[in-house]
Amino acid sequence: MRFLAAIGRTVLGMLGAIGRVTLFAGETISHLARPPFYPRELAQALLNIGWLSLPVVGLTAIFTGGALALQIYAGGARFNAEAVVPQIVAIGMVRELGPVLVGLMIAARVTSSIAAEIATMKVTEQIDALVTLSTHPMKYLTVPRVLAATLVVPLLVGVGDIIGIFGGYAVSTGTLGFNAAAYIQNTVDFLELRDITSSLAKGAVFGFLAATMGCYFGMNSGRGAQGVGRATKGSVEAAAVLILAANFVLTGVFFSL
């Protein structure tokens, strides 16, 4: 019975956490269209999440695209199918690797930063000061960051897709002997509009999840340095798992119709 009770407590705890996160996300969405608005905070969040994330996104994408081209060429050589490298690199980057890798990089870089910042504000009672000044903490801290991530991560995904395809192109034409014009033509001919739209839609969902997890764990962090550390670690773990789970669901929705 103790074993069953432990399982029950774990399940109830998970369900409670899911419910709290869902309510937090719903409250965040409900505040998006209601004043007051803080454009300066939104602009700062757009800069931090979008522009400052470009280097890590670009480096991740270009090395992934190059490695993908090498792997596909090595695997295709076993079946005399080396010519499919441009098509598989394009569809692999746009449908899956581009959105997922960008989402995970955002979770590592942005989610942790948001959680640590807000948790530190809570520990140092800056959030209490906002309430004293009649400023809603969610309107001032959460909404700008979630909105910025939802808007800018699809752009990062698009950039990552392009750079990843370029990485495959550079390796294929420079090392594997592919014709440059034929490689580009095969890439353009093989990609469809729904591949691109699904990639950008995934980026929006992943950005929303990453920023929401950072804000939720920051707002609900414990006191002291340990509380900040736990909030930061928990936010990245939750964001990464939710991004991978959402990717599975969205892939089924977009490509099983």
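This is a predicted model: local features need pLDDT of at least 70, side-chain atom pairs count only at pLDDT 80 or more; totals for chains, interfaces and linings use all residues.
E125 is exposed, with a relative accessible area of 52%; exposed means over 50% relative accessible area, buried under 20%, and partly exposed in between, for a 1.4 Å probe and protein chains only. The phi of E125 is near 65 degrees, a positive value in a residue other than glycine. Most residues other than glycine have a negative phi, and most peptide bonds are trans. E125 is found in the loop between helix 4 and helix 5 (126–132), just after helix 4.

Residues are numbered from 1 along each chain as its sequence is written, and side-chain values use heavy atoms, with hydrogens and water left out.

The protein as a whole has 9 helices and 0 strands. Helices (H or I, at least four residues) and strands (E, at least two) are DSSP runs, numbered from the N terminus. From the N terminus on, the order of elements is α-α-α-α-α-α-α-α-α. The C-alpha trace spans about 65 × 55 × 35 Å along its principal axes, and 42% of the 257 residues count as buried. Among contacts with a separation of 6 or more, 85% are made by residues 24 or more positions apart; a contact means heavy atoms within 4.5 Å.

One such meeting of separate parts of the chain involves helix 1 and helix 8. Two packed helices are described by the angle between their axes and the distance between the axes. The axes of helix 1 (residues 2–31) and helix 8 (residues 193–219) come within 10 Å and cross at roughly 110 degrees. These axes are lines fitted to C-alpha atoms, for helices over the stretch in contact, and the angles run from 0 to 180 degrees between N-to-C directions. Helix 1 and helix 8 are therefore roughly perpendicular to each other, a term for angles of 65 to 115 degrees, whereas angles under 35 count as roughly parallel, over 145 as roughly antiparallel and the rest as oblique. Helix 1 contributes R20, V21, F24, A25 and I29 to the contact, and helix 8 contributes F208, T212, M213, C215, Y216 and M219. By class, this contact has 9 nonpolar, 1 polar and 1 charged residues. Here Ala, Val, Leu, Ile, Met, Phe, Trp, Tyr, Cys and Pro count as nonpolar, Asp, Glu, Lys and Arg as charged, and the others, Gly among them, as polar.

Aromatic rings come next. The whole structure holds 7 aromatic pairs. Rings of Phe, Tyr and Trp (its six-membered ring) pair if their centres lie within 6.5 Å; planes under 30 degrees apart count as stacked, over 60 as edge-to-face and the rest as tilted. The ring centres of F24 and Y216 are 5.5 Å apart and the planes stand at 75 degrees, so the pair is edge-to-face. Because F24 lies in helix 1 and Y216 in helix 8, the pair ties together parts that are 192 residues apart in sequence. Both F24 and Y216 are buried, Y216 at 10% relative accessibility. The rings of Y216 and F217 also form an edge-to-face pair, with centres 5.4 Å apart and planes at 90 degrees. F217 is partly exposed, with a relative accessible area of 23%. Elsewhere, Y73, F166, Y169, F178 and Y183 form one aromatic cluster.

Helix 4 (residues 85–123) bends by about 55 degrees at M93; the bend is the angle between axes fitted to the seven residues ending at a residue and the seven starting there. A115 also lies in helix 4 and is buried, with a relative accessible area of 0%. Leaving aside residues up to four places away in sequence, A115 touches G214, G218, A231, T232 and S235. The C-alpha atoms of A115 and V131 are 16 residues apart along the chain and separated by 19 Å.

A cis peptide bond joins P35 and P36, with omega about 0 degrees, and P36 is found in the loop between helix 1 and helix 2 (39–49). S134, in the loop between helix 5 and helix 6 (137–174), has a positive phi of about 60 degrees although it is not a glycine. At 69% relative accessibility, S134 counts as exposed.
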